Structure formats: C-alpha cells, structure tokens
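Subject: Structure handover

Hello,

Here is the structure I promised you. Please open it first, then read my notes below with the model beside you.

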Amino acid sequence: MTIQEIRKDLDEIRCFYVMLTHFREGTKVIPNKHLEDKIAKYSNAIRMAPAKIYAIYLARYIQNRTQVELANDWGYSEVYIRKLNKQLYEFFIKYFDREGEQEKTR
C-alpha cells in the first residue's frame, strides 16, 4: 500500500467515527460491508502498534482531534505530532505489506 492509500482509508475511517450515530442508523437499512471490512482491517493492525502510534491513531482518527490540539494537550510540538502521524502511516504500510507477503506464502 502507498501513503496516499493509507491517508484515503484513514480519512474514511475518521468520517465514519465523526458520523458514528448517523452510520449506525443507516447501516440498519443499508449495510456497508466495504466500510466495515476496512475498519476491521485497520483495527486489527493497530492492535500491534507501539503505544504512541496507537495513541495517535485513536486521537486523530477515532476522536477526530487535530494535530494542533494534540500538541497542546500532550505537551509536544506540532512537528513531533506530525512525525508521529507519519510513523502511523509507515506502521500501516509495513504491517499490510508484511500481511500481504504472509498471504502469498500460504
């Protein structure tokens, strides 16, 4: 996967959690298997992440917090928060590449 694909997926996941109540009501009528599968895929991956990477995922994509908010709340610079966010993308790229390689050997 590319960083652009990861960003696109994370934007979709953020949208889902921002509009969680709306989605829950809507999926009772029209289930969205594609979105559910994507969320499950990233949820399974993030369970294996180091603490800071896990924390940035929860804050940015589940809680919809900005990098500026996190820098202020966590006592880090905005540059460091951006660095953590980039490490998150890299974590997912490596995780999904490794997962793909494992699938090929099965």
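Start with helix H5. Its buried residues are Gln67, Leu70 and Ala71. Buried means under 20% relative accessible area, exposed means over 50%, and partly exposed is in between (1.4 Å probe, protein chains only). Seen down the axis of H5, these buried residues fall within an arc of 100°, so they line one face of the helix. The arc is taken from the directions that run from the helix axis to the C-beta atoms. Asn72 and Asp73 are exposed, on the face of H5 turned away from its buried side. After H5 comes Gly75, with a positive phi near 75°.

A word on the ground rules. This is a predicted model, with residues numbered from 1 along each chain as its sequence is written. Local features need pLDDT of at least 70, side-chain atom pairs count only at pLDDT 80 or more, totals for chains, interfaces and linings use all residues, and side-chain values use heavy atoms, with hydrogens and water left out.

Now the confidence. pLDDT is the predictor's confidence in each residue, from 0 to 100. The protein chain has a mean pLDDT of 89, and 91% of its residues reach 70 or more. Where pLDDT is low, the predicted coordinates should not be read in detail.

Next, the whole chain. It has six helices and zero strands. Both are DSSP runs numbered from the N terminus: helices are H or I with at least four residues, strands E with at least two. Buried residues make up 33% of the 106 residues. The C-alpha trace spans about 40 × 40 × 20 Å along its principal axes. Among contacts (heavy atoms within 4.5 Å) between residues at least 6 apart in sequence, 68% join residues at least 24 apart.

Which residues touch the most other members of the largest nonpolar core? They are Ile6, Leu10, Tyr42, Ile46, Tyr57, Leu88 and Phe92, out of 27 residues in that core. H1, helix H3 (33–46), H4, H5 (67–74) and helix H6 (78–105) each supply at least two residues of this core. H6 gives the most, with nine residues. A nonpolar core is a set of buried Ala, Val, Leu, Ile, Met, Phe, Trp, Tyr and Cys residues joined through side-chain atoms within 4.5 Å.

Leaving out residues up to four places away in sequence, Ile6 touches Met1, Tyr42, Tyr89, Phe92, Ile93 and Phe96. Ile93 lies in H6. Its relative accessibility is 18%, so Ile93 counts as buried. With the sequence neighbours up to four places away left out again, Ile93 touches Met1, Thr2, Ile3 and Ile6. Ile93 and Met1 are 92 residues apart along the chain, yet their C-alpha atoms are separated by 5.7 Å.

Last, look at Asp9 in helix H1 (residues 3–18). Is Asp9 buried or exposed? Asp9 counts as buried, because its relative accessibility is 10%. Its side chain makes a polar contact with the side chain of Tyr42, at 2.6 Å. A polar contact is a pair of N or O atoms within 3.5 Å; within protein, one must be able to donate a hydrogen and the other to accept it, and residues adjacent in sequence count only if both atoms are side-chain atoms.

Best wishes
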